[in-house]
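Dear colleague,

Here is the structure I promised to pass on to you, and my notes on it follow below. Please keep the model open while you read, so that you can look up each place as it comes.

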Amino acid sequence: MISITVTALVFGVVFLAELPDKTALAGLVLGTRYRASYIFAGVAAAFTLHVVLAVAAGSVLTLLPQRLVHALTGVLFLGGAAVLLLKKDESDEAVRRPENQSFWKVSGAGFMLILVAEFGDLTQIMTANLAARYDDPLSVGLGAVLALWAVAGLGIVGGKALMKRVPLKLITQIAALLMLALGVWSLWESIAG
């Protein structure tokens, strides 16, 4: 059964962490050059694959003792918060233009870009942590994939307008504070539990 609470929490954390990421900017660039639905199909497929891998890795962590899992996820969340707070602003990356605008060429370009750029990315690691933390792979996976798809959709269709209204630095700071809170909470549970 899916937990709406876990799904919503994961959605919020992953959405905020992914929004200032380079892939959102790459999606924006691709969206200005190619048919949005083609790009989204490739990007969505790549994000789905990443979430499945992250949830599987996080599910393996649930086999460890609870206190150890809480301590590990707490440290990883704190590390993720530090990465968000300390990373420098990223600029648009050059995206190689496919030779034609066919569905397979354009969606394939989007898929490969995300597959390579997101492998081992902060949000993939966060998703694995959340899967270990909540031991609810379906809810965590659903929240993460919906968040990544939402960011991709925003980036492809209208990311530029959002970035003009909400400073990227503020979005990054909110995501870092959420991760910091989750890290402290997980560490507290490892000590108190």
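Serine 190 lies in helix H8, where helices (H or I, at least four residues) are DSSP runs numbered from the N terminus. Serine 190 is buried, with a relative accessible area of 13%; buried means under 20% relative accessible area, exposed means over 50%, and partly exposed is in between, with a 1.4 Å probe and protein chains only. A polar atom of the serine 190 side chain lies 2.7 Å from the backbone oxygen of leucine 187. If neighbours within four places in sequence are left aside, serine 190 is in contact with Arg67, His70 and Ala71, contact being heavy atoms within 4.5 Å.

Before going on, please note that this is a predicted model, in which local features need pLDDT of at least 70 and side-chain atom pairs count only at pLDDT 80 or more, while totals for chains, interfaces and linings use all residues. Residues are numbered from 1 along each chain as its sequence is written, and side-chain values use heavy atoms, with hydrogens and water left out.

As for the chain as a whole, there are 8 helices and 0 strands, and buried residues make up 45% of its 193 residues. Of the contacts with a separation of 6 or more, 94% are between residues 24 or more positions apart.

In soluble globular proteins, nonpolar side chains tend to be buried together. The largest nonpolar core here has 37 residues, of which Val10, Val14, Ile39, Met126, Leu130, Val140 and Met179 touch the most other members; such a core is a set of buried Ala, Val, Leu, Ile, Met, Phe, Trp, Tyr and Cys residues joined through side-chain atoms within 4.5 Å. The elements that give two or more residues to this core include helix H1 (4-18), helix H3 (36-61) and helix H7 (137-165), and H7 gives the most, with 8 residues.

How do H3 and H5 cross, and at roughly what angle? Their axes, which are lines fitted to C-alpha atoms over the stretch in contact, with angles running from 0 to 180 degrees between N-to-C directions, come within 7 Å and cross at roughly 35 degrees. Among the residues that meet are Tyr38, Ile39 and His50 in H3, and Phe103, Leu115 and Glu118 in H5. The residues of this contact of H3 with H5 divide into 13 nonpolar, 4 polar and 1 charged.

Histidine 50, which is found in helix H3, counts as buried at 3% relative accessibility. Its side chain reaches the backbone oxygen of leucine 115 at 3.1 Å. Not counting residues up to four places away in sequence, histidine 50 touches Ile114, Leu115, Glu118, Phe119 and Gln124.

Two loop residues are also worth a look. Leucine 63 has its place in the loop between H3 and H4, and at 74% relative accessibility leucine 63 counts as exposed. The C-alpha atoms of leucine 63 and alanine 132, which are 69 residues apart along the chain, are separated by 8.9 Å. Aspartate 135, found in the loop between H6 and H7, is exposed, with a relative accessible area of 53%, and has a positive phi of about 45 degrees although it is not a glycine.

With best wishes

Definitions and conventions:
Ala, Val, Leu, Ile, Met, Phe, Trp, Tyr, Cys and Pro count as nonpolar, Asp, Glu, Lys and Arg as charged, and the others, Gly among them, as polar. A polar contact is a pair of N or O atoms within 3.5 Å; within protein, one must be able to donate a hydrogen and the other to accept it, and residues adjacent in sequence count only if both atoms are side-chain atoms.
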